Amino acid sequence: YALRIQDNTESSTVTKEIDTTPYSTIKVVFQYKPKRMAGSSEEFYFAISADGGTSFIKIKTWSTKLGNMVNNEWNKGTVEDIDVTGIDSLFIRFVCVGNTNKDRVFLDDIKVEGK
């Protein structure tokens, strides 16, 4: 089963706390399938929080406008070289920003790899 984030109110999902103490960088790899995400302001993005989930920093954005998202097809998403030096733990968040409640992104096979 894939995880679905959708709508026009910035719906999101957040991981549980991830221990990053053994690593200096992490990489996140996943599959995503956008549906009805074609408007110029429609996007989804990846963010992290190193303060216990209080505030998130946007790291990478996908949209048809940027040319890195194809609707109705499974795409590979990668976020590499996230510096976690000196960070004990973090949360990962995916956010959907659509124009209507029918805009959605399916996420699957999410993997976090540390170096």
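Let's start with tryptophan 62, which counts as buried at 2% relative accessibility; buried means under 20% relative accessible area, with exposed over 50% and partly exposed in between, using a 1.4 Å probe and protein chains only. Phenylalanine 30 is buried too, with a relative accessible area of 1%.

A word about the model: it is predicted, so local features need pLDDT of at least 70 and side-chain atom pairs count only at pLDDT 80 or more, while totals for chains, interfaces and linings use all residues. Residues are numbered from 1 along each chain as its sequence is written, and side-chain values use heavy atoms, leaving out hydrogens and water.

Now look at the rings. The whole structure holds seven aromatic pairs. Rings of Phe, Tyr and Trp (its six-membered ring) pair if their centres lie within 6.5 Å; planes under 30 degrees apart count as stacked, over 60 as edge-to-face and the rest as tilted. The rings of phenylalanine 30 and tryptophan 62 have centres 5.4 Å apart and planes at 80°, so this pair is edge-to-face. It links distant parts of the chain, 32 residues apart: phenylalanine 30 is in strand S4 (residues 25-35) and tryptophan 62 in strand S6 (residues 57-62). Strands (E, at least two residues) are DSSP runs, numbered from the N terminus, as are helices (H or I, at least four).

Phenylalanine 46 and phenylalanine 94 also pair edge-to-face, at 5.5 Å centre to centre with 70° between the planes. Both of these residues, phenylalanine 46 and phenylalanine 94, are buried. Ring pairs join Phe30, Tyr32, Phe44, Phe46, Trp62 and Phe94 into a cluster.
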